[in-house]
Amino acid sequence: MEKAVFLDRDGVINELIYHQEQGIIDSPFTVDQLQIICGVPEAVALFRKAGYKVIVVSNQPGVAKKHMSKKTFEAIRQRLVDQLISKDANVDAEYYCLHHPQAKVPELKKVCDCRKPKPGLIIKAAGELDIDISKSWMVGDGLTDIQAGKSAGCKTILIGKEKCELCRRMEQENAKPDFICENLLQAASVIKNGAKP
Ligand SMILES: [Zn+2]
């Protein structure tokens, strides 16, 4: 069986964007807004070198919320993959939840099993790609990523700075990650060193 590093996308691989018109911080809504975070290609390359498959698992309700068309979503997805490949940082697979319980697009309005914090995307990927979840990691910037990873049975890393408010919520929501790292490159060194920070 293989082992994997499951990566959230927005805020981990690419920068979150402040959308002035809507007044929200969210995914890029256009191809031009896509910006890979510094150090990410190097981190992805390190995961692969350490024998991990790299799999994107991400909630992407932008189409459901009519922030972008399906075509734009695909174009952003393709640009992200191309930019990583150009730096020798291939991802092995991508799994997206496109649903949202309050979607404006009727066919995507759904309470599904794949939207994190549910572990559906990780479990599906593991089944299809023969991955041993207990030897795998979920890395994300939100507590929903940590919850999904823990429910699936992964080790977990939260990308971000430990803030008091977040610590309190981690306890309340049973979403305490195994490690907290400032960025994906730091997470790569934790995983590479066999979970010694
Ligand atoms: Zn879903």
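Helices (H or I, at least four residues) and strands (E, at least two) are DSSP runs, numbered from the N terminus. With that in hand, let's walk through this predicted model.

**Stop 1: the whole chain**

Start with the entire protein chain in cartoon view. Trace the chain along the sequence, and the pattern reads β-β-β-α-β-α-β-α-β-α-β-α-β-α.

Now zoom out. The C-alpha atoms fill a box of roughly 45 × 40 × 35 Å along the principal axes. The radius of gyration is 16 Å, which agrees with the value near 16 Å that a compact globule of 197 residues would have.

Of the 197 residues, 50% count as buried. If you display contacts with a separation of 6 or more, residues 24 or more positions apart account for 62% of them.

**Stop 2: strand E6**

Select residues 137-140, which form strand E6, and show their side chains. Trp-137 and Val-139 point one way, while Met-138 and Gly-140 point the other way. Are these residues buried or exposed? All of them are buried.

Residues 3-7 make up strand E1, which pairs with E6 in the parallel sense over 3 bridges. Pick out Val-5 here: its bridge partner in E6 is Trp-137.

Then select residues 155-159, strand E7. E7 and E6 also run parallel, joined by 4 bridges.

**Stop 3: the zinc ion**

Finally, select the zinc ion. Which protein atoms are its donors? Show Cys-97 (SG), His-99 (ND1), Cys-112 (SG) and Cys-114 (SG), which lie 2.0 to 2.3 Å from the zinc ion. Along the chain, these donors follow the spacing C-x1-H-x12-C-x1-C.

Two of them, Cys-97 and Cys-114, link distant parts of the chain, 17 residues apart. Cys-97 belongs to strand E5 (residues 93-97), whereas Cys-114 sits in the loop between E5 and helix H3 (120-129). Both Cys-97 and Cys-114 are buried.

Why is the arrangement called tetrahedral? Use the angle tool on the 4 donor atoms: they subtend angles of 102 to 117° around the zinc ion, which makes the arrangement tetrahedral. The cut-off behind that step is that all angles lie between 85 and 135 degrees. For reference, the ideal angle for four tetrahedral donors at a metal is 109.5 degrees.

Terms used:
Residues numbered from 1 in each chain as written. Predicted model: local features only at pLDDT ≥ 70, side-chain atom pairs only at ≥ 80, totals over all residues. Heavy atoms only, no water. Donors = N, O, S within 2.8 Å, 3.2 Å for Na, K, Ca; no water. Tetrahedral: all angles 85-135°; square planar, octahedral: opposite > 155°, others 65-115°. Buried < 20%, exposed > 50% of the residue type's maximum accessible area, 1.4 Å probe, protein only. Rg over C-alpha atoms; globule rule 2.2 N^0.38 Å. Contact = heavy atoms within 4.5 Å. Pairing = 2+ DSSP bridges.
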